[in-house]
Amino acid sequence: MSEVVRCSRCLMDAEVPQIIFDSKGVCNYCKVHDQMEAEYPTGERGKAILEAKIKEIKEAGRGKAFDIIIGVSGGCDSTYMCKMAKEYGLRVLAAHFDNTWNSAIATQNIYTTLKKLDIELFTIVVNNEEYDEMLRAFLLSGTPDIDCPTDIGLAATMYMAAEKYGVKYQWDGHSFRTEGSAPLGFVYMDQMYIKSVMEQHSRSRRARFESYPTLWLSQQMKWWLFTRIQKVRPLYWVDYHKEKVKKELAETLGWKWYGGHHLENRYTAFLHSYYYPRRYGRDIRVVADSARVRSGQLSREEGLATIAEPFQPDPQTVQMIQKRLGFSDKELEDLIAAPHKTFRDYRTYKKTFEKMRPFFFVLQKFDLISRSFYVKYTSKTEI
């Protein structure tokens, strides 16, 4: 229905990649949400499922120092998972990929939370010059995936921590009810993609990974098939209301809000508040806010009012980006106006993932990869 501009139920509009509207104007992302609601119940049923999984985790952790790995950023979701895990009696190892762009509030949240909960921290700190060259190359790449190195670095850090301590389970803080899932076309990431972008756009025309934790397909295959580290998303079975959780964390742990979803990192804040809106006319908040509308945590009218207000970037953050990455005002303006490219303009693992679709189907059935990875990365849908 080409006349439909925005979903009649959530906030997604016709500009969202792969969106389809039914005869009532409801989008396919709402239907995926409903399928997941049926598959991942909350309440007493959800509690029973989660407690059974926790029992498995404790059994697997016998004789080891830790039961689970939780990636921490200082954000609401990961902080709450640490608190919840401790309440269930799990021995937690927190893992953090420090890309040197953390906000002061996020850093304070991490250390305050872990100290109060008595949780040990495994950290990989990337060399800032090496990492900034990756970010600079991605800005020059013309794609929307300028924060790809952060996501890959965190995933690799968690696997490395799990392998070092023999931990078989990772807790992932994603909640489809409060975050949704960014469509392919809004974001793509893999290690080969990073290498290809670096070889074309870094100043040395080479990919430098000396301090950066890599996630090559060969490494992933080892962790999937031999180490068999399972990913669990506990918030799928929990009545997780983000606004209530933020108040709870502030009262019990002294946790502080940093102003918006994913804004605990200054570079990610630049992506959401400056780069996306100015380069693509996109408000990335539509993904998470649509999820909250579907789950009844936000009214559609409130969501529409939120995205109607332009995202205001922090001028100091933009200036920091320019200074650290070496772009003048004119050069940054040129980047914003440059021709649009996507991951398909670079070498990636995407075609390989598509060919391996049956294999990945099995992996997601055994919780070795997430459902969202399987759906997005192995489908042949064009963007």
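## Overall build

What percentage of the 383 residues in the protein is buried? Buried residues make up 55% of them, where buried means under 20% relative accessible area, exposed means over 50%, and partly exposed lies in between (1.4 Å probe, protein chains only). This is a predicted model, in which local features need pLDDT of at least 70 and side-chain atom pairs count only at pLDDT 80 or more, while totals for chains, interfaces and linings use all residues. Residues are numbered from 1 along each chain as its sequence is written, and side-chain values use heavy atoms, with hydrogens and water left out.

The protein has 17 helices and five strands; these are DSSP runs numbered from the N terminus, with helices being H or I of at least four residues and strands E of at least two. The radius of gyration is 20 Å, close to the 21 Å from the globule rule for 383 residues, so the protein is as compact as a globular protein of that length. That radius is taken over C-alpha atoms, and the rule is 2.2 Å times the number of residues to the power 0.38. The C-alpha trace spans about 55 × 55 × 45 Å along its principal axes.

## Contacts, surface and charge

Of the contacts between residues at least 6 apart in sequence, 78% join residues at least 24 apart; contact means heavy atoms within 4.5 Å. The accessible surface comes to about 17,200 Å², and carbon and sulfur atoms account for 53% of that area. Accessible areas come from the Shrake-Rupley method with a 1.4 Å probe, and for residues only the protein chains shown count as cover.

The protein carries 56 positive and 49 negative charges, and their mean positions are 4 Å apart. Lys and Arg count as positive and Asp and Glu as negative, with His and the chain ends not counted. Each charge is placed at NZ of Lys, CZ of Arg, CG of Asp or CD of Glu.

## Aromatic pairs

A search of the whole structure finds 35 aromatic pairs. Rings of Phe, Tyr and Trp (its six-membered ring) pair if their centres lie within 6.5 Å; planes under 30 degrees apart count as stacked, over 60 as edge-to-face and the rest as tilted. Y188 and F343 form a stacked pair, 4.1 Å centre to centre with 15° between the planes. Y188 lies in the loop between β4 (169-171) and α7 (191-201) and F343 in the loop between α14 (329-337) and α15, so this pair ties together parts 155 residues apart in sequence. Y188 is buried at 0% relative accessibility, and F343 is buried at 2%.

The ring centres of W224 and F373 are 6.5 Å apart and their planes are at 65°, so the pair is edge-to-face. W224 is in helix α8 (residues 217-227) and F373 in helix α17, 149 residues apart. W224 is buried with a relative accessible area of 2%, and F373 is buried with 17%. Y188, F343, W224 and F373 belong to one aromatic cluster, which also includes F138, Y193 and Y377.

## Helix α17

Which residues of helix α17 (residues 371-378) are buried? They are F373, Y374, K376, Y377 and T378. Their cover includes α15 (350-355) and α16 (357-365).

K376 is also one of the residues touched by P183, along with V16, P17, Y29 and V287, not counting residues up to four places away in sequence. P183 is found in the loop between β4 and α7 and counts as buried at 3% relative accessibility.

## Other individual residues

E133 is found in helix α5 (residues 128-141) and is buried, with a relative accessible area of 14%. Leaving aside neighbours within four places in sequence, E133 is in contact with M198, S202 and R203. P183 and E133 are 50 residues apart in sequence and 27 Å apart in space, C-alpha to C-alpha.

T100, which is not a glycine, has a positive phi of about 70°; T100 is in the loop between β2 (92-98) and α4 (104-117). R228 also has a positive phi, near 55°, in a residue other than glycine. R228 lies in the loop between α8 and β5 (230-232) and is partly exposed, with a relative accessible area of 40%.
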